[in-house]
Amino acid sequence: MQQAEGVKTDAAQTEKLWTEFAKTRCLETRNELVMRYIGLVRSIALRLVPTYRKHVDFDDLMSSGLLGLMDAIDKFDLSKDVKFETYASLRVKGEIIDQIRKQDWAPISLRQKIKRVEECFETLESSTGRTPTESEVARKLSMSTDDVKKTLDEAHTFNLVALDEMLMDRVAGDSLAAPSDESPEKRLEEKEIREVLAKTIDGLNEKEKLVVSMYYYDELTLKEIGMVLGVTESRVSQIHSKALMTLRTKMRKAFI
């Protein structure tokens, strides 16, 4: 009973802060709201750090996420029937991904290699009507299967950022429009994107669908997925990277 009352009191205090900030736009009040929602940033950063740890550390993720949180607080419209946590999560993750993208961590040679492998997967799928195996791509490119797998592993972060960036741009535009800017056309576009994405995921092979489901819906890390499937984290990274590559290619074609 006391715990429930404490939650109600905390919610009332948060609502009071929002009302005050909407009227005054006071910096001090905004900072209090930031402290109220800093746990949201931390949970998103902790979720992303295992994926991006080769290129950025936790403190950098938190710094970028806090920028996204402050921007979300500034732009949030209390009059709309949208939960702040839902809106802020998009902006926090969007800011983090944008900062990772700006680092331009992938050298030109790797980008060229990724492009060759991606185009080969696409070409073979068009000619066979199914998703090609890594060994088939290796033969086509005169590479070893291990080299193709290594390229997929190295491309994992690149593919993850590229797909997330594409989806965020499609759903919300460059500025991740505030709830007050949402229009019937925007909602229709979001519905179309979800339908295309669901159809594309359904076209993946069973192992790729399983990895995508565990990563996005069950929110498991690559290491945790590997433990479930009984394979290495690196192998999960390769499977996920290949799935992301397929999703990104098909989503791009769908909206050209």
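A crossing of two helices is left-handed if the near helix is turned anticlockwise from the far one by less than a right angle, and right-handed if clockwise. The model is predicted, so local features need pLDDT of at least 70 and side-chain atom pairs count only at pLDDT 80 or more, while totals for chains, interfaces and linings use all residues. Residues are numbered from 1 along each chain as its sequence is written, and side-chain values use heavy atoms, with hydrogens and water left out.

**Exercise 1. State which secondary structure elements the protein holds, and how many of its residues are buried, in percent.**

Step 1. Helices (H or I, at least four residues) and strands (E, at least two) are taken as DSSP runs, numbered from the N terminus.
Step 2. The protein has 12 helices and 0 strands.
Step 3. Buried means under 20% relative accessible area, exposed over 50%, and partly exposed in between (1.4 Å probe, protein chains only). Of the 256 residues, 42% are buried.
Step 4. The accessible surface (Shrake-Rupley method, 1.4 Å probe) is about 14300 Å², and carbon and sulfur atoms supply 52% of that.
Step 5. A contact means heavy atoms within 4.5 Å. Among contacts in the protein with a separation of 6 or more, 67% are between residues 24 or more positions apart.

**Exercise 2. Describe how α5 and α7 pack, giving angle and axis distance.**

Step 1. Axes are lines fitted to C-alpha atoms, for helices over the stretch in contact, and angles run from 0 to 180 degrees between N-to-C directions.
Step 2. Helix α5 covers residues 108–128 and helix α7 residues 145–154; their angle is about 115 degrees and their axes are 10 Å apart.
Step 3. The two helices are therefore roughly perpendicular. The classes are: under 35 degrees roughly parallel, over 145 roughly antiparallel, 65 to 115 roughly perpendicular, and the rest oblique.
Step 4. The crossing of α5 and α7 is left-handed.
Step 5. On the α5 side the contact is made by L110, K113, I114, V117 and F121, and on the α7 side by D147, V148, T151, L152 and E154.
Step 6. These residues divide into 6 nonpolar, 1 polar and 3 charged. Here Ala, Val, Leu, Ile, Met, Phe, Trp, Tyr, Cys and Pro count as nonpolar, Asp, Glu, Lys and Arg as charged, and the others, Gly among them, as polar.

**Exercise 3. Locate R25 and S142, and decide whether each is buried, partly exposed or exposed.**

Step 1. R25 is not a glycine, yet its phi is positive, about 55 degrees. R25 sits in the loop between α1 (2–24) and α2 (27–52).
Step 2. With a relative accessible area of 43%, R25 is partly exposed.
Step 3. S142, also not a glycine, has a positive phi of about 55 degrees. Its loop lies between α6 (134–141) and α7.
Step 4. S142 counts as exposed, at 70% relative accessibility.

**Exercise 4. Which residues does E233 touch, not counting residues up to four places away in sequence?**

Step 1. E233 is in helix α12 (residues 233–254), and at 26% relative accessibility E233 is partly exposed.
Step 2. The residues touched by E233, not counting those up to four places away in sequence, are R53, L222 and K223.
Step 3. D153 is 80 residues from E233 in sequence and 9.9 Å away in space, C-alpha to C-alpha.
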